[in-house]
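Welcome! Here is a short briefing to read alongside the sequence and the 3D view. Take a moment to look at both before going on.

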Amino acid sequence: MKNIYLIGMPSSGKSTLGKELAKNLGFSFTDMDKLIETREQKTISEIFSNQGEAHFRELERKTLHGFQPDQSMVIATGGGVPCFFDNMDYMKKNGISIFLNVELDDLAKRLYKAQGNNRPLLDKSQSEEAVIATIKKTFEERLPFYKQADIQVDGEISVNQLLWLIESYVPVQ
């Protein structure tokens, strides 16, 4: 069966929901950020600091294109993956893309709490208001890419609801 690509902002629940979804479908699960960290033997923040964002985005592209179609995988992408190169087109061509859309206030709270957890685009020394402003700006920049997903769902969706949507999804030709 086709791969399923979960897209959305950091802390939108891609990994948490993805693991449950994969288990229910009998698919394997992969978190792209964790895969990149394992391969590079560095955290995402270290890659950003040492080699820059452009290098990291290229690693994401190579990792994404390394997944073969029809591998029955659920893949939690990094938040920026759909926004660079031909990544969104690749996901749509080779699987089902699902945008987990979390309310901005909820997302901001989650990300502010998780600041110390390897979030390279957030300045850990900023105030809560500054972090929230950065999150909102980033979300607005990424939203046009996220909206290209095959399926768009509220980030609070249950696995059973998502399974139903995937089973009833018929791609537009």
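This is a predicted model: local features need pLDDT of at least 70, side-chain atom pairs count only at pLDDT 80 or more; totals for chains, interfaces and linings use all residues.

Rings of Phe, Tyr and Trp (its six-membered ring) pair if their centres lie within 6.5 Å; planes under 30 degrees apart count as stacked, over 60 as edge-to-face and the rest as tilted. By this rule, the protein has two aromatic pairs. One of them joins Phe48 and Phe56, whose ring centres are 5.1 Å apart with the planes at 45°, so the pair is tilted.

Residues are numbered from 1 along each chain as its sequence is written, and side-chain values use heavy atoms, with hydrogens and water left out.

**Overall build**

- The protein has eight helices and five strands, where helices (H or I, at least four residues) and strands (E, at least two) are DSSP runs numbered from the N terminus.
- Along the sequence, these elements follow the pattern β-α-β-α-α-α-β-α-β-α-α-β-α.
- The radius of gyration is 16 Å, close to the 16 Å that the globule rule gives for 173 residues, so the protein is as compact as a globular protein of that length. The radius is taken over C-alpha atoms, and the rule is 2.2 Å times the number of residues to the power 0.38.
- The C-alpha trace spans about 45 × 30 × 30 Å along the principal axes.
- Of the contacts with a separation of 6 or more, 72% link residues 24 or more positions apart; contact means heavy atoms within 4.5 Å.

**Inside and outside**

- Buried residues make up 45% of the 173 residues. Buried means under 20% relative accessible area, exposed over 50%, and partly exposed in between (1.4 Å probe, protein chains only).

**The annotated binding site**

- An unreviewed UniProt entry places the feature "binding site" at Ser11, Ser12, Gly13, Lys14, Ser15, Thr16 and Arg119. UniProt positions are given in the numbering used here, feature names are shortened, and annotations may be inferred rather than shown by experiment.
- Ser11 lies in the loop between β1 (3–7) and α1 (14–25), and is buried because its relative accessible area is 18%.
- Ser15 belongs to helix α1 and is partly exposed, at 23% relative accessibility.
- Not counting residues up to four places away in sequence, Ser15 touches Phe29, Asp31 and Ala76.

- An α-helix has 3.6 residues a turn, so residues three or four places apart point the same way.
- Which residues of α6 (residues 104–113) are buried? Leu107, Ala108 and Leu111 are. They are on the same side of α6 because they cover an arc of only 100° around the axis, judged by the directions from the helix axis to the C-beta atoms.
- The buried residues of α6 pack against α7 (128–146).
- Asp105, Lys109 and Lys113 are exposed on the other side of α6.
- Arg110 is also in helix α6, and its relative accessible area of 28% makes it partly exposed.
- Leaving aside neighbours within four places in sequence, Arg110 is in contact with Ser11, Ser12, Gly13, Val102 and Glu156.
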